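Keep the sequence beside you as you read.

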Amino acid sequence: MKTLFQKILDREIPTKLAHEDELCIAIHDINPQAPVHVLVIPKKPIVRVAEATAADQALLGHLLLTAAALAKKLGVAESGYRIVINNGRDGGETVPHLHVHLLGQRPLGWPPG
Ligand code: AMP
């Protein structure tokens, strides 16, 4: 069974693309929790950060640098933003294909709920 994000990567489900390169895509979240809420999704189907290996080190770095570049592009680099990776049930993960949330353009509370 393909995950939701694999279907989006395979262009079976339409999405609002914010970025694409050879290693990842970034899409606007369908249920945004902040005015800027983008998901950076590796094309490689890593299930979650806990399943990543040393071979994924450069890719994981690429996802973070892409999120930071998107923060600049989307105008939240100055005001600040949050990068989140939900891992597993208690972490709030709902789609078992690794993704990095970029949230910004409003003050974000801490600790998270
Ligand atoms: P997580 O809960 O960390 O697994 O994040 C999954 C995210 O995917 C949630 O923020 C959802 O709102 C988002 N999402 C679900 N379906 C879609 C979709 N079709 N397009 C864009 N984002 C989606």
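Around the ligand stand 16 residues, and D29, N86, T94, H99 and H101 come nearest; a residue counts as near if one of its heavy atoms lies within 4 Å of the molecule. This is a predicted model, in which local features need pLDDT of at least 70 and side-chain atom pairs count only at pLDDT 80 or more, while totals for chains, interfaces and linings use all residues. Residues are numbered from 1 along each chain as its sequence is written, and side-chain values use heavy atoms, with hydrogens and water left out.

By class, this shell has 7 nonpolar, 7 polar and 2 charged residues. Here Ala, Val, Leu, Ile, Met, Phe, Trp, Tyr, Cys and Pro count as nonpolar, Asp, Glu, Lys and Arg as charged, and the others, Gly among them, as polar.

Now look at the polar contacts, meaning pairs of N or O atoms within 3.5 Å. The side chain of D29 places an N or O atom 2.5 Å from an oxygen atom of the ligand. H101 also reaches a ligand oxygen atom, with a polar side-chain atom at 2.8 Å. I30 uses its backbone instead: an N or O atom there is 3.2 Å from a nitrogen atom of the ligand. On its own the ligand has 510 Å² of accessible area, and the protein covers 84% of that, by the Shrake-Rupley method with a 1.4 Å probe.

Which space does the ligand take? It is the largest pocket, since a molecule sits in a pocket if more than half of its atoms lie within 2 Å of the pocket's grid points. A pocket is an open set of points on a 1 Å grid over the protein atoms alone, where a 1.4 Å probe fits, with protein on both sides within 12 Å along at least five of seven lines; lining residues have an atom within 4 Å of a point.

This pocket has a volume of about 800 Å³, the space filled by probe spheres set on the points. Its lining comprises 35 residues, with D29, Q33, H37, N86 and H101 nearest the centre. They divide into 16 nonpolar, 13 polar and 6 charged.

Definitions and conventions:
Polar contact = N/O pair within 3.5 Å; in protein donor to acceptor, adjacent residues only side chain to side chain.
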